[in-house]
Amino acid sequence: MNRLLEFIKRIYVVLLFILLESIAVWQYATSTPYTEAKILSRTTAVGGYFSKKITNMNHFFSLSTENDILTHRIAELEQTLERERELLADYTEESWQRKMTEEGDLHYRYYPARVASMTISHQRNYIVLDKGERDGVKKNMGVITPDKYLVGYIIECSERYSVAMPVLNTEFTMGGSLQMTNYTCSIRWSGDSPYYVDIIDVSTYAEPEVGMAVEAWSERVPRKGVVVGHIESFELNAAKTAYSARLKLAADMSALDNVLIVENTHYGEIEELMDNIDNQSTPNGTK
Amino acid sequence: MYKYTPYIWLTLSVILVQVFLLDNIDLGASISVWIRPMIFPLVILLLPVEWKSIWVLLVSYVMALVLDMLLGGSGIYVITLLPVALFRSTMLYVASRRSMESSDQSQLLARLPLGQLMLYISLSLLLYHSLFFVMETLSTANMLRLIATILLSTFTSILISWPIVRLFTSKVIG
């Protein structure tokens with residue numbers, strides 16, 4: 001202890017210098033959008049480099065857990081495959097051809113990716129993934145964990161990397177539905193805790209319960225089975241017209257590593273339809 | 001207290017010259033882009049050599065805060081002036097090969113040969129201007145222009161500062 005105090009006494013001027021400089025750099029960085037973009041991009045690059053090194057190390061130590069998850073996944077897939085084989089054994093050549101054509105047109109495709117860097121302590125957090133356009137990743141694809149817990153969706157892609165907006169971003173919006181009931185809701189993050197999100201606009205007929213799972217309801221992820229979290233508490237709003245609830249996130253956002261990027265192959269078609277509706281609603285397009 | 005009166009006057013006059021004169025001279029846009037002299041680091045460079053680093057750092061911080069408020073720097077003056085305060089002793093050692101810890105430190109600046117004093121002031125102003133313009137542009141897109149601005153502004157600052165330094169070291173603390 002004495003040695004530590006002695007050491008601090010020797011370098012206290014440098015420590016004070018670092019403290020004052022840090023405050024000034026932060027103040028300068030947040031003074032204009034230009035300085036914010038320039039300084040924060042540099043610090044993010046440096047932070048991202050170290051974060052990637054640490055992530056690699058953590059990944060090495062978490063290999064056994066990853067193996068367990070993969071083993072479970074393989075078991076599930078084997079079961080599905082076995083079931084398919086049994087079904088196929090009964091097919092005629094004609095029905096087999098039909099089945100193969102249908103399966104060729106997959107509704108959802110999955111791309112494995114790893115988290116290169118991410119933040120959870122800001123109001124607007126982002127996740128950088130190590131897969132980009134050259135791997136087939138595009139904007140608006142969903143991001144889930146291998147256990148099918150919602151993480152977020154892709155908002156920007158470069159050739160080798162992509163950036164996802166996670167649930168832990170105050171600008172994140174997505175629809176949800178209460179499991180087993182199909183009542184819908186809107187998912188929001190208030191920015192206070194990285195372990196909880198809120199759902200609003202739940203119908204008064206929904207009868208939510210503590211522990212009830214809430215699934216994502218969006219074109220970006222499969223319709224069923226992607227869990228956002230479980231209801232921790234809920235209440236009626238002041239006008240008694242809808243419930244709002246607090247969810248404990250299913251995905252541990254502080255320990256993300258391997259994720260799956262989900263492509264809805266019909267997303268372009270849906271987007272085109274929505275665009276057409278928007279165009280018809282504009283003053284010039286209104287009939 | 002009275003022995004620090006010249007330093008208070010120096011601080012006030014240098015800040016006033018900087019804020020009301022140097023920052024308001026209209027040399028035309030084509031020259032102002034290249035030459036922006038800043039002489040206020042002189043206050044830190046001419047502080048008593050025997051002062052402890054912590055006091056030099058705190059004085060620099062207060063002065064930089066005042067400049068940030070007066071000139072709307074949003075922290076840039078603190079960022080750039082504190083390193084000058086921290087490395088003041090190193091600059092003096094590089095220029096004169098004399099350590100501040102030596103016993104003959106009182107009025108050391110007044111007894112320095114002119115060449116060494118000039119080198120000390122020039123190196124320190126070069127450090128300050130380099131930090132300032134790098135932090136201001138935050139870009140390496142136009143490196144040659146950045147270097148030219150640093151060198152021309154440093155040179156102009158040295159020209160303006162030198163009479164003040166000579167007057168202060170010979171007449172006031174000498």
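Before you click, here is the word you'll need: a residue counts as buried if 20 or more other C-beta atoms lie within 10 Å of its own. Also keep in mind that this is a predicted model.

Start by selecting residues 114–137 of chain B, which is helix H8. This helix has 24 residues and runs 34 Å from its first C-alpha to its last, close to the 34 Å expected at 1.5 Å a residue. Colour its buried residues: among them are Leu117(B), Tyr120(B), Ile121(B), Phe132(B) and Met135(B). Now step just past the end of H8(B), where Leu138(B) has a positive phi of about 50°.

Next, pick helix H5, residues 76–86 of chain B. Nine of its 11 residues are buried, so H5(B) is largely enclosed by the rest of the structure.

The contact uses 13 residues from chain A and 12 residues from chain B. On the chain A side, helix H1 (2–29) and helix H2 (33–61) each give two or more residues, with H1(A) giving the most, nine residues. By type, the chain A side divides into eight nonpolar, three polar and two charged residues.

Finally, colour chain A by pLDDT. The chain averages 83, and 88% of the residues score at least 70. Look for the lowest confidence in helix H4(A), residues 93–104, at a mean of 57, and the highest in strand E9(A), residues 213–216, at 93.

Methods. Residues are numbered from 1 along each chain as its sequence is written. Chains are lettered from A and ligands numbered from 1 in the order in which they are written. This is a predicted model: local features need pLDDT of at least 70, side-chain atom pairs count only at pLDDT 80 or more; totals for chains, interfaces and linings use all residues. Two residues are in contact if their C-beta atoms, placed from the backbone, lie within 7 Å. Helices (H or I, at least four residues) and strands (E, at least two) are DSSP runs, numbered from the N terminus. Ala, Val, Leu, Ile, Met, Phe, Trp, Tyr, Cys and Pro count as nonpolar, Asp, Glu, Lys and Arg as charged, and the others, Gly among them, as polar. The expected span of a helix is 1.5 Å times one less than its number of residues. A residue is buried if 20 or more other C-beta atoms lie within 10 Å of its own, exposed if 12 or fewer, and partly exposed in between; C-beta atoms are placed from the backbone. pLDDT is the predictor's confidence in each residue, from 0 to 100.
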